[in-house]
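Please describe this structure for someone who has not seen it before.

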Amino acid sequence: MEPQSPNLKTTPSLTLGRFHISEDYGFLLPSPLRELPDHYRPWMEIANQLPHLIESGQLRAQVDKMPLLSCQFLTGYREQRLAHLTLSFITIGYVWQEGETQPKEVLPRNLALPFVEVSRSVGLPPILTHSDLVLANWTARDPGRPLEIRNLDIIFSLPGGESLRGFILVIVLVENAAVPGIKALVQAVNAILQPSPESLLQALQRLRLSIQDIKGVLGQMHDYADPDVFYAVIRIFLSGWKDNPAMPAGLIYEGVSNEPLRYSGGSTAQSTVLQAFDEFLGIHHSEESADFLHKMRDYMPPSHKAFIEEIHSAPSLRDHILSSGNGQLLAAYNQCVEALVALRSYHIAMVTKYLITAAARAKGRRPSQLPGPPWALEERGTGGTVVLRFLKSVRDKTLEAILHQSG
């Protein structure tokens with residue numbers, strides 16, 4: 001093997017494998033496990049009956065009888081992720097079984113201790129996150145067939161029936177639609193390092209198509225998730241105990257901390273996809289929005305957060321395009337930004353339908369489902385933000401990123 005020339009460029013190329021990101025599934029956990037070792041049967045028996053136990057008001061009593069189990073018999077990352085998923089679903093059901101009016105403010109030690117233990121192992125907080133609800137909570141009925149909603153199912157559920165299943169699986173498909181965009185992003189970073197204008201142009205075109213596909217897939221939400229069921233039934237179970245008027249003090253994890261701990265609920269901002277796209281495209285959000293988005297990175301698997309940080313530290317795409325004077329690259333970049341603006345505008349319309357309009361309708365009737373609609377979070381996202389103000393700020397700052405050729 002010949003020695004490398006001392007002036008040869010030795011910048012390592014960016015790869016997905018370095019960050020445990022799948023070439024086929026992106027940030028989705030490939031082929032998640034559905035069963036834990038027999039030692040953990042008490043957890044699985046409860047988790048598999050969650051909708052019934054919550055709706056009949058029996059979950060808390062069942063959890064209180066659950067044995068205290070150690071996580072030492074979990075072998076490998078996928079078992080740990082399934083354990084985190086299992087305990088996060090049980091926890092969210094336990095806290096919100098009676099809705100926002102009677103949340104449990106103490107998590108018993110037989111649930112709190114193993115949940116915190118496995119959370120430390122996988123580098124996630126002890127609460128239901130996007131990486132639990134979506135990334136590790138899907139299964140293909142026929143692994144040989146394409147990922148589409150008829151070929152998918154969820155592993156664990158909560159009250160909300162088919163609307164909850166549809167809500168989760170549409171987001172699984174959104175994550176899947178992002179895979180070509182994530183690959184394009186890697187190709188583009190490497191094309192800047194080489195440099196290769198042709199490869200960069202191709203990558204930007206692929207990124208735009210992926211963003212447009214994400215928007216198209218997101219539109220399936222209208223077919224599979226009922227806004228009234230989402231607002232009145234599902235939403236409370238996506239809520240956390242930080243910036244939540246229903247639980248201002250937070251949650252005591254018995255045996256872990258004498259002081260309440262505060263964690264945000266599940267949020268789209270916990271998906272690595274759009275944060276990675278923002279970093280790559282050099283989109284700068286307002287101080288308030290950027291602060292929230294950065295905090296949400298702590299709710300991602302650590303390797304996914306590291307991927308965003310790697311993109312951030314890569315050479316600036318915007319500077320590269322402006323200094324190149326290449327009109328094709330500038331146009332392709334702007335088309336990516338415009339596609340992202342269109343996606344964010346569509347997301348605003350969807351949140352308006354599923355949150356604002358659904359809230360107005362809920363005020364006019366008494367829903368039959370349990371629990372009732374969460375008034376404390378009426379204008380807030382499940383992550384705790386004032387949702388429309390946040391989403392509009394993020395969309396408007398994206399639009400400001402459009403480049404204009406100097407000179």
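## Helix H11

Seven of the eight residues of helix H11 (residues 227–234) are buried, so this helix is largely enclosed by the rest of the structure. Here buried means under 20% relative accessible area, exposed means over 50%, and partly exposed lies in between, with a 1.4 Å probe and protein chains only. Helices (H or I, at least four residues) and strands (E, at least two) are DSSP runs, numbered from the N terminus.

The buried residues of H11 are Pro 227, Val 229, Phe 230, Tyr 231, Ala 232, Val 233 and Ile 234. They pack against helix H7 (161–177) and against H16. Contact means heavy atoms within 4.5 Å.

## Basis of the model

This is a predicted model, in which local features need pLDDT of at least 70 and side-chain atom pairs count only at pLDDT 80 or more, while totals for chains, interfaces and linings use all residues. Residues are numbered from 1 along each chain as its sequence is written, and side-chain values use heavy atoms, with hydrogens and water left out.

## The chain as a whole

The chain contains 17 helices and four strands. For 407 residues, a compact globule would have a radius of gyration near 22 Å, and the chain agrees with this because its value is 22 Å. That radius is taken over C-alpha atoms, and the globule rule is 2.2 Å times the number of residues to the power 0.38. Along the principal axes, the C-alpha atoms fill a box of roughly 70 × 60 × 45 Å.

Of the 407 residues, 56% are buried. Among contacts with a separation of 6 or more, 79% join residues 24 or more positions apart. The accessible surface of the chain is about 17700 Å², and carbon and sulfur atoms hold 51% of this surface. Accessible areas come from the Shrake-Rupley method with a 1.4 Å probe; for residues, only the protein chains shown count as cover.

## His 347, an annotated position

The UniProt annotation "binding site", from an unreviewed entry, covers His 347. UniProt positions are given in the numbering used here, feature names are shortened, and annotations may be inferred rather than shown by experiment.

His 347 lies in helix H16 (residues 327–363). Its relative accessibility is 22%, so His 347 counts as partly exposed. Apart from neighbours within four places in sequence, His 347 touches Thr 268 and Leu 391.

His 130 is in helix H6 (residues 130–135) and is buried, with a relative accessible area of 7%. Beyond its neighbours within four places in sequence, His 130 is in contact with Leu 135, Ile 171, Glu 175, Ser 267, Gln 270 and Ser 271.

Leu 28 belongs to the segment before helix H1 (41–47). With a relative accessible area of 2%, Leu 28 is buried. Leaving aside neighbours within four places in sequence, the contacts of Leu 28 are Val 134, Leu 135, Trp 138, Val 172, Glu 175 and Asn 176. In sequence Leu 28 and Val 172 are 144 residues apart, while their C-alpha atoms are 7.5 Å apart in space.

## Thr 398

Helix H17 (residues 387–399) contains Thr 398. This residue is buried, at 0% relative accessible area. When neighbours within four places in sequence are left aside, Thr 398 is in contact with Ile 283, His 285, Val 337, Leu 340, Val 341 and Arg 344. Thr 398 and Leu 238 are 160 residues apart along the chain, and 27 Å separates their C-alpha atoms.
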